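This report walks through a protein structure one feature at a time, and it is meant to be read with the sequence and the structure in view.

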Amino acid sequence: MSDCLFCKISAGEIPAALVHQDAALVAFKDINPQAPLHVLIVPRKHIATLNDLTPDDDGLVGSMFRTAAALAKQHGYHDRGYRTVFNTHREAGQTVFHIHLHLLAGRGLGWPPG
(Lines give C-alpha, C1' and ligand atoms only; values in the text may rest on other atoms or scores of the structure.)
Protein backbone atom coordinates (compact mmCIF):
# COMPACT_ATOMS: atom_id res chain seq x y z
CA MET A 1 0.00 0.00 0.00
CA SER A 2 1.50 3.29 -1.05
CA ASP A 3 0.30 5.31 1.95
CA CYS A 4 1.06 2.73 4.68
CA LEU A 5 3.66 3.85 7.22
CA PHE A 6 4.95 0.32 7.87
CA CYS A 7 5.13 -0.50 4.16
CA LYS A 8 7.28 2.61 3.71
CA ILE A 9 9.52 1.63 6.62
CA SER A 10 9.92 -1.93 5.31
CA ALA A 11 10.79 -0.54 1.86
CA GLY A 12 13.42 1.77 3.37
CA GLU A 13 11.54 4.92 2.34
CA ILE A 14 11.19 6.08 5.97
CA PRO A 15 14.07 5.59 8.41
CA ALA A 16 13.65 3.45 11.51
CA ALA A 17 15.92 1.98 14.17
CA LEU A 18 16.06 -1.50 12.64
CA VAL A 19 17.00 -4.42 14.87
CA HIS A 20 16.23 -7.20 12.36
CA GLN A 21 15.39 -7.62 8.72
CA ASP A 22 15.03 -10.54 6.36
CA ALA A 23 13.11 -11.29 3.18
CA ALA A 24 9.74 -11.48 4.97
CA LEU A 25 10.05 -9.23 8.05
CA VAL A 26 11.49 -6.06 9.48
CA ALA A 27 11.74 -5.28 13.19
CA PHE A 28 12.43 -1.85 14.62
CA LYS A 29 12.31 0.05 17.88
CA ASP A 30 8.95 1.65 18.70
CA ILE A 31 9.12 5.47 18.60
CA ASN A 32 6.96 5.60 21.77
CA PRO A 33 8.41 2.75 23.84
CA GLN A 34 6.32 1.32 26.66
CA ALA A 35 9.18 -0.77 28.06
CA PRO A 36 12.99 -0.69 27.93
CA LEU A 37 12.75 -3.08 24.99
CA HIS A 38 9.80 -2.27 22.72
CA VAL A 39 10.19 -3.57 19.20
CA LEU A 40 7.64 -3.86 16.41
CA ILE A 41 7.91 -6.92 14.19
CA VAL A 42 6.30 -6.19 10.85
CA PRO A 43 5.78 -8.35 7.76
CA ARG A 44 6.88 -6.80 4.50
CA LYS A 45 3.59 -8.04 3.03
CA HIS A 46 0.77 -5.60 3.73
CA ILE A 47 -1.96 -7.20 5.83
CA ALA A 48 -4.25 -4.65 7.51
CA THR A 49 -5.47 -6.63 10.55
CA LEU A 50 -5.37 -10.13 11.98
CA ASN A 51 -8.86 -10.54 10.51
CA ASP A 52 -7.29 -10.36 7.05
CA LEU A 53 -4.92 -13.31 7.55
CA THR A 54 -5.37 -16.38 5.38
CA PRO A 55 -4.07 -19.93 5.86
CA ASP A 56 -1.26 -18.96 3.48
CA ASP A 57 -0.03 -16.51 6.14
CA ASP A 58 0.41 -19.14 8.89
CA GLY A 59 4.15 -19.46 8.28
CA LEU A 60 4.55 -15.68 8.27
CA VAL A 61 2.87 -15.31 11.65
CA GLY A 62 4.97 -18.15 13.06
CA SER A 63 8.07 -16.38 11.79
CA MET A 64 6.99 -13.19 13.55
CA PHE A 65 6.81 -15.02 16.89
CA ARG A 66 10.10 -16.85 16.35
CA THR A 67 11.73 -13.51 15.55
CA ALA A 68 10.29 -12.03 18.74
CA ALA A 69 11.78 -14.89 20.77
CA ALA A 70 15.15 -14.49 19.07
CA LEU A 71 15.18 -10.74 19.71
CA ALA A 72 14.23 -11.26 23.36
CA LYS A 73 17.15 -13.67 23.67
CA GLN A 74 19.53 -11.33 21.84
CA HIS A 75 18.64 -8.53 24.28
CA GLY A 76 18.92 -10.74 27.39
CA TYR A 77 15.23 -11.07 28.25
CA HIS A 78 14.43 -14.63 27.16
CA ASP A 79 14.74 -16.03 30.69
CA ARG A 80 13.53 -12.93 32.57
CA GLY A 81 10.29 -12.67 30.61
CA TYR A 82 8.76 -10.71 27.77
CA ARG A 83 5.36 -10.06 26.25
CA THR A 84 4.17 -10.25 22.66
CA VAL A 85 1.00 -8.41 21.63
CA PHE A 86 -1.09 -8.02 18.50
CA ASN A 87 -3.68 -5.23 18.64
CA THR A 88 -6.61 -5.58 16.25
CA HIS A 89 -8.71 -2.52 15.38
CA ARG A 90 -9.05 0.80 17.16
CA GLU A 91 -10.69 -0.31 20.42
CA ALA A 92 -7.77 -2.67 20.98
CA GLY A 93 -5.23 0.07 20.30
CA GLN A 94 -4.28 -0.58 16.67
CA THR A 95 -3.22 2.76 15.18
CA VAL A 96 -1.34 1.57 12.08
CA PHE A 97 -3.42 -0.77 9.95
CA HIS A 98 -0.62 -3.12 8.96
CA ILE A 99 -0.26 -6.07 11.31
CA HIS A 100 2.62 -5.81 13.72
CA LEU A 101 3.71 -7.78 16.75
CA HIS A 102 4.84 -5.77 19.76
CA LEU A 103 7.72 -7.24 21.77
CA LEU A 104 7.97 -5.69 25.25
CA ALA A 105 10.51 -6.51 27.95
CA GLY A 106 12.67 -5.04 30.65
CA ARG A 107 10.07 -4.08 33.25
CA GLY A 108 7.30 -5.78 35.17
CA LEU A 109 4.27 -6.16 32.94
CA GLY A 110 1.03 -6.32 34.90
CA TRP A 111 -2.01 -8.42 34.19
CA PRO A 112 -4.57 -7.78 32.94
CA PRO A 113 -3.05 -5.43 30.40
CA GLY A 114 -4.76 -2.17 29.46
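## The enclosed cavity

Which residues line the largest cavity? In this model, which is predicted, the lining of the largest cavity is made up of Thr49, Leu50, Phe86, Asn87, Thr88, Gln94, Ile99 and His100. Sorted by class, three of these lining residues are nonpolar and five are polar, while none is charged. The largest cavity has a volume of about 40 Å³, and the count of cavities of 30 Å³ or more comes to one.

Histidine 100 sits in the loop between S4 and S5, and its relative accessibility is 8%, so it counts as buried. A polar atom of the side chain of histidine 100 lies 2.7 Å from the backbone oxygen of histidine 98.

## The two largest pockets

The largest pocket has a volume of about 400 Å³, and 16 residues line it, with Gln34, His38, Val85, Asn87 and Leu104 lying nearest its centre. At least two residues of this lining come from strand S4 (82-85), and at least two come from strand S5 (101-105). The lining of the largest pocket divides by class into six nonpolar, seven polar and three charged residues.

The second largest pocket, with a volume of about 300 Å³, is lined by 19 residues, and those nearest its centre are Leu5, Phe6, Asp30, Ile31 and Leu40. Helix H1 (5-10) and strand S2 (25-29) are the elements that give two or more residues to the lining of the second largest pocket, and the largest share of that lining, three residues, belongs to H1. By class, the lining of the second largest pocket holds 11 nonpolar, six polar and two charged residues.

## A salt bridge in a loop

How many salt bridges does the structure have? The count comes to one salt bridge, and it joins the side chains of aspartate 57 and lysine 45, with a distance of 2.6 Å from N to O. Both partners belong to the loop between strand S3 (37-43) and helix H2 (58-74), and they are 12 residues apart, a separation at which the pair is said to link distant parts of the chain.

Are the two partners buried or exposed, or something in between? Aspartate 57 has a relative accessible area of 3% and is therefore buried, whereas lysine 45, with a relative accessible area of 45%, is partly exposed.

Proline 55 is also placed in the loop between S3 and H2, and at 69% relative accessibility proline 55 counts as exposed. Between proline 55 and glycine 12 there are 43 residues of separation in sequence and 28 Å in space, taken from C-alpha to C-alpha.

## Cysteines without a disulfide

The structure holds zero disulfides. Cysteine 4 is in no disulfide, and the nearest cysteine sulfur to its own, that of cysteine 7, is 3.7 Å away.

## Backbone details

Two features of the backbone deserve a careful look, and a general point gives the background for both. Most residues other than glycine have a negative phi, and most peptide bonds are trans.

What is the phi of histidine 89? Phi of histidine 89 is near 75°, which is a positive value in a residue other than glycine. Histidine 89 lies in the loop between S4 and S5, and with a relative accessible area of 38% it is partly exposed. The peptide bond that runs from tryptophan 111 to proline 112 is cis, with omega near 0°, and proline 112 is found in the segment after S5.

Key:
Residues are numbered from 1 along each chain as its sequence is written. This is a predicted model: local features need pLDDT of at least 70, side-chain atom pairs count only at pLDDT 80 or more; totals for chains, interfaces and linings use all residues. Side-chain values use heavy atoms; hydrogens and water are left out. A salt bridge is a side-chain nitrogen of Lys or Arg within 4 Å of a carboxyl oxygen of Asp or Glu. Helices (H or I, at least four residues) and strands (E, at least two) are DSSP runs, numbered from the N terminus. Buried means under 20% relative accessible area, exposed over 50%, partly exposed in between (1.4 Å probe, protein chains only). A disulfide is a pair of cysteine sulfur atoms within 2.5 Å. On a 1 Å grid over the protein atoms alone, a cavity is a set of points where a 1.4 Å probe fits but cannot get out, and a pocket is an open set with protein on both sides within 12 Å along at least five of seven lines; lining residues have an atom within 4 Å of a point. Grid points are joined across faces, edges and corners, and a volume is the space filled by probe spheres set on the points. Ala, Val, Leu, Ile, Met, Phe, Trp, Tyr, Cys and Pro count as nonpolar, Asp, Glu, Lys and Arg as charged, and the others, Gly among them, as polar. A polar contact is a pair of N or O atoms within 3.5 Å; within protein, one must be able to donate a hydrogen and the other to accept it, and residues adjacent in sequence count only if both atoms are side-chain atoms.
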